[in-house]
Every structure is written in C-alpha cells, then in structure tokens.
Amino acid sequence: MPPRRRIAVDAGQAALRAWLEQRDRLDRATTATAVRYTLEELAATHPGRSVEVRVPPFGAAQAITGPRHTRGTPPNVVETDAQTWLALVVGELSWREASDAARVRDSGIRADLSDVLPLLPESA
C-alpha cells in the first residue's frame, strides 16, 4: 500500500518551484510544504521502512526497502536541514558533497541516499 499523501501534488510542486526561485526569502509555510511534499515523494518512489529521513522541524519519512523498523530509534537515520534536503532533492547538491561538508548526519548501513537522490532532478 502506498503511503498516504498529506500534501497535494500540485501544491507540493508549486512550493518546490517557489523554493527554486526564492530560497532563503521563502516563507516558512511554503518551505514546509516543499519539504513535506518531497519527503512524501521519497516514500512513494522508494517505498519501505528501513531508513528514516528527518528534516526538522518540518517532517520525517520512512523509505527504502529492507528490514522494517518497528520500535525505538531506527537503525538507519538521515537528518538534515530544509535547505540541504531540497538542494539534494533537485540535484543542486550531491550526497557526497553534503556528507563531506557535514550538512547531513547519517547512521546505519542503508543511510547512504546517493542511489536515490536527486529525487526530482527535472525540477532544477
């Protein structure tokens, strides 16, 4: 069963386009929509529950096939800020660049997302 969408695709795409155009001048609500939409896209295009991706304070998603996590802290976690996450999603920043610059914190053997990012390169 695919994950339930909370952000309408049209609204999410519009928020992502706004982020591409305005970046740091973008209001918090639009940034939140862009982040939540892209987290939902990650879960929809790479279903599973073996990696938890966190973009505080806006949201988190579980994705990637593999052993399912059910209790406590997940063994595979990725955490980053909104600007870094969105840059990774559209391909403006590579996983390696973000990791080398300590812009992402990851733990676990499945937490390397270089095979699934960029998620929406056509948006860039």
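Two strands pair if DSSP finds at least two bridges between them. I start with that because R54 stands opposite E79 in strand 3. I also note that this is a predicted model.

**Entry 1: the strands**

I looked up how strand 1 and strand 3 are joined. Strand 3 covers residues 77-80, and strand 1 pairs with strand 3 in the parallel sense over 3 bridges. Next I checked the other partner of strand 1. Strand 1 and strand 2 run antiparallel and are joined by 5 bridges. One position I wrote down is V51, whose bridge partner in strand 2 is A63.

Then I went to strand 4. Strand 3 and strand 4 run antiparallel, with 4 bridges between them. Here V77 stands opposite S107 in strand 4. As background, strands of a sheet pair through backbone hydrogen bonds, either parallel or antiparallel.

**Entry 2: order along the chain**

I counted the elements. The chain has 4 helices and 4 strands. Read along the sequence, the pattern is α-α-β-β-β-α-α-β.

**Entry 3: the nonpolar core**

Which residues have the most contacts inside the largest nonpolar core? They are W19, V35, V53, W85, L113 and L117, and this core has 38 residues. At least two residues of this core come from each of helix 1 (9-22), helix 2 (28-45), strand 1 (51-55), strand 2 (59-63), helix 3 (82-90) and helix 4 (95-100). Helix 3 gives the most to this core, with 7 residues. For context, nonpolar side chains tend to be buried together in soluble globular proteins.

Leaving aside neighbours within four places in sequence, V35 is in contact with V55, F58, A82, W85 and L86.

**Entry 4: helix 3**

I asked why helix 3 can be called largely enclosed by the rest of the structure. The reason is that 8 of the 9 residues of helix 3 are buried, and buried means under 20% relative accessible area. The buried residues of helix 3 are A82, T84, W85, L86, A87, L88, V89 and V90. I then looked for what covers these residues, and the cover includes helix 1, helix 2, strand 1, strand 3, helix 4 and strand 4.

**Entry 5: the whole chain**

I finished with overall values. The chain has 124 residues, and 43% of them count as buried. A compact globule with 124 residues would have a radius of gyration near 14 Å, and the chain agrees because its own value is 14 Å. Along its principal axes the C-alpha trace spans about 40 × 35 × 25 Å.

The accessible surface of the chain comes to about 7,000 Å², and 48% of this surface belongs to carbon and sulfur atoms. Among contacts between residues at least 6 apart in sequence, 59% join residues at least 24 apart.

Methods: Residues numbered from 1 in each chain as written. Predicted model: local features only at pLDDT ≥ 70, side-chain atom pairs only at ≥ 80, totals over all residues. Heavy atoms only, no water. Core = buried A, V, L, I, M, F, W, Y, C linked by side-chain atoms within 4.5 Å. Buried < 20%, exposed > 50% of the residue type's maximum accessible area, 1.4 Å probe, protein only. Contact = heavy atoms within 4.5 Å. Rg over C-alpha atoms; globule rule 2.2 N^0.38 Å. Areas by Shrake-Rupley, 256 points an atom, 1.4 Å probe, with all protein chains shown as cover.
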